[in-house]
Amino acid sequence: MQTEILKSYSKEQIEAEKKRLERKYESLENLHQKFQFIKCGNPEYVDDYMVWKALNEEETSLKEKIVLKNLGIYQMMSPKRMEIIDYLSSHSTKSIKTLAMELKRDYKNVYDDVKALEKFGLVEFVIQGKNKRPITKIEHISVQPDRKSAQK
Amino acid sequence: MDIRKQRIWIHKDEILDVLEIEKDGKIKYYSYSYKIKGKGGAWIPVVRWDNVDQTPHVDRYDENRALVEQKPCREKSLKEISKLVGIFRRNLMTMDVSEL
């Protein structure tokens, strides 16, 4: 069994991604210098540089896919956690604390659930002022019999 | 331009991280990184294929993330790499992957 989770970035999320890279490296030129100096010594620099450069082009789309070839995801999924994904897909919330209040659930349980979802990339955090806003970029989840060939 | 990122979970502590940047239907840049979970939970690259500077090659890293080997290889596709990683998994750490 194989699970595929598709995530796509809106224009705002692409801008947020560019801002994240700016916070991390200050400028594309700065990253370019690091990348030229160290090359594959730090593969993260190379990938970040290529992504940032592409994001600066017009009409660039960014899509992410998570493929789970093992059944680990089913052990961590529960109706409550699915409810969090569902809720975040259609609501904007300020923090885990706010999310817990909105779902009328205990903060500690919601915190643990969000952290477990984050581990698999199902929930992410956006820093906004002092808040860490939980969001999800999930567009589609599909489960299918394992295919021998790779996915594109 | 289309940026595609993928994380393929092979096992709970083994992943294949994929980055493909496509322009006009052609992959301009790719990187396929087989990573394992290190102490403290961070993902450590073991073997990585990419075509930066239009030079397809394969890199091998040690447990401290230091680049220990780099060899040229022909252009790779995700299909090939996914198959290789699925078959050899941790054995990739000691294999001559440029020959595969």
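## Chain B and its contacts

In chain B of this predicted model, residues 24 or more positions apart account for 31% of the contacts with a separation of 6 or more (a contact means heavy atoms within 4.5 Å). Residues are numbered from 1 along each chain as its sequence is written, while chains are lettered from A and ligands numbered from 1 in the order in which they are written. Local features need pLDDT of at least 70, side-chain atom pairs count only at pLDDT 80 or more, and totals for chains, interfaces and linings use all residues, with side-chain values based on heavy atoms and with hydrogens and water left out.

Chain B has 1 helix and 6 strands, following the pattern β-β-β-β-β-β-α along the sequence. Here helices (H or I, at least four residues) and strands (E, at least two) are DSSP runs, numbered from the N terminus. The C-alpha trace spans about 40 × 25 × 25 Å along its principal axes.

The radius of gyration of chain B is 13 Å, which agrees with the value near 13 Å for a compact globule of 100 residues (taken over C-alpha atoms; the globule rule is 2.2 Å times the number of residues to the power 0.38). Of the 100 residues, 51% count as buried, meaning under 20% relative accessible area, with exposed over 50% and partly exposed in between (1.4 Å probe, protein chains only).

An open sheet of 9 strands runs in the order S5(A)-S1(A)-S2(A)-S1(B)-S2(B)-S3(B)-S4(B)-S5(B)-S6(B), with mixed pairing; two strands pair if DSSP finds at least two bridges between them. Strand S5 (138-144) of chain A and strand S6 (67-72) of chain B stand at the edges with a single partner strand each, so one side of each has no neighbour in the sheet. From one strand to the next, the twist averages 15°.

Within chain B, strands S4 (residues 43-50) and S5 (residues 57-61) run antiparallel and are joined by 4 bridges. B:Asp50 has B:His57 in S5(B) as its bridge partner.

## A helix pair in chain A

A:His32 lies in helix H2 (residues 28-38) of chain A and counts as partly exposed, at 29% relative accessibility. The axes of H2(A) and helix H3 (residues 43-55) of chain A come within 9 Å and cross at roughly 145°; axes are lines fitted to C-alpha atoms, for helices over the stretch in contact, and angles run from 0 to 180 degrees between N-to-C directions. Residues making the contact include A:His32 and A:Phe35 of H2(A) and A:Tyr49 and A:Trp52 of H3(A).
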